[in-house]
Amino acid sequence: MRLLAGLLALTTAAAVLTAGQPAAAADAWTETGSDRARPLDESQGLTSVEFPAGSPNRYTGIGTIPVGVSTRGWNHVGDPDASYDGHYVEPYQRDSGGAKMFRVQAPGGGWSEYVHTLSPGEASNNSWVAISPDGQWMLAGEWGTMTRLLVFPTPGANPATSPSANLPQAATVRLDRAVRDVQGCDFSGPTTLLCSSDDPEGSLFGMTKPLLQVDLSAPAGASDVFGRVTALRRLPTRSGCTGDFETEGVDYDRRSGTLRVIVMSPGFCILTDSRTYRFTRG
């Protein structure tokens, strides 16, 4: 009995120690280049679009918010995503809170809006969306230090959704470690997310501005799943100015295997040398 108790104590101590250490990196991402990020219309997020063929990459920023949307209070747009069949989704929030809005362009070009009434305890921030590879489910995140990601049916693509009805939260991704100030996520595989964190403290993973990988225990859907979080590397912060950089949206293009992350420069240099960095595995 005494031996069993000792073994149990050792096992518990080892588990606590392991939980406090960064997980081993599953992938290595090497910087391969960068492009200038314009502060008005490329400062919040980006996504590659597969359908229709030959479509350009899309970006969001304060300059991309339609006047008819901003005058109704939706004054912040986050990191968008597009399904492989051409449904394009932009996440919006407003100062008054109480709800989030997802603005959707269908493959045929028409726009519609889907509103989600906040659940008890849900933050009003709507920083990003990531559409699952099957197109039916959409993940979204909240600002601050969080141990979860939210799962919704993809508005417009999932037949259970309607612009005339509240968009309900379907499930939760329960993270094994806390994350802070996630600004964008994108699927790089059926159960793998790559996420950009604007974490300014560095206490969670031993680095500020980390690129994170979240491995899901099962594909996202109507039931809760678990997510294992790994810090892969620190994102670049290079500028002619000193001060606080802001890590923004992320995009993974499966056609080329290219990962892109927006990093906005501090001070005046936000106008001159903000960058969208490119990475590939290896």
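Mentor: Buried means under 20% relative accessible area. This is a predicted model.

Trainee: Is Tyr88 buried or exposed?

Mentor: The relative accessible area of Tyr88 is 2%. The cut-off for buried is under 20%. Tyr88 is therefore buried.

Trainee: What is the mean pLDDT of the protein chain?

Mentor: In this chain, 91% of the residues reach a pLDDT of 70 or more. Residues 1–25, however, stay under 50. Where pLDDT is low, the predicted coordinates should not be read in detail. For the protein chain, the mean pLDDT is 92.

Trainee: How many aromatic pairs does a search of the whole structure find?

Mentor: One of the pairs is formed by Trp29 and Tyr252, edge-to-face with 6.1 Å centre to centre. Trp29 lies in strand 1 and Tyr252 in strand 17, so this pair ties together parts that are 223 residues apart in sequence. Both Trp29 and Tyr252 are buried. The search of the whole structure finds three aromatic pairs.

Trainee: Why is the pair of Tyr88 and Trp111 given a class, and which class is that?

Mentor: The ring centres of Tyr88 and Trp111 are 6.1 Å apart and their planes stand at 85°. Planes over 60 degrees apart count as edge-to-face. The pair of Tyr88 and Trp111 is therefore edge-to-face.

Trainee: Which residue has its charged end over the ring of Tyr88?

Mentor: Trp111, which is partly exposed at 37% relative accessible area, has Arg103 over its face, at 3.7 Å from the ring centre. Over the ring of Tyr88, 3.8 Å from its centre, sits the charged end of Arg58.

Trainee: Which cysteine does a disulfide join to Cys185?

Mentor: The structure holds two disulfides. The one with Cys185 has an S to S distance of 2.1 Å, and its link is right-handed, with 110° about the S-S bond. It runs from strand 13 to strand 14, ten residues apart. The partner of Cys185 is Cys195.

Trainee: How many residues apart in sequence are the parts that Cys241 and Cys269 tie together?

Mentor: A disulfide joins Cys241 to Cys269, with S to S at 2.0 Å. The torsion about its S-S bond is about 70°, so this disulfide is right-handed. Cys241 lies in the loop between strand 16 and strand 17, and Cys269 in the loop between strand 18 and strand 19, so the parts tied together are 28 residues apart.

How values were computed
Residues are numbered from 1 along each chain as its sequence is written. This is a predicted model: local features need pLDDT of at least 70, side-chain atom pairs count only at pLDDT 80 or more; totals for chains, interfaces and linings use all residues. Side-chain values use heavy atoms; hydrogens and water are left out. Rings of Phe, Tyr and Trp (its six-membered ring) pair if their centres lie within 6.5 Å; planes under 30 degrees apart count as stacked, over 60 as edge-to-face and the rest as tilted. Helices (H or I, at least four residues) and strands (E, at least two) are DSSP runs, numbered from the N terminus. Buried means under 20% relative accessible area, exposed over 50%, partly exposed in between (1.4 Å probe, protein chains only). A charge sits over a ring if NZ of Lys or CZ of Arg is within 6 Å of the ring centre and within 35 degrees of the ring normal. pLDDT is the predictor's confidence in each residue, from 0 to 100. Contact means heavy atoms within 4.5 Å. A disulfide is a pair of cysteine sulfur atoms within 2.5 Å.
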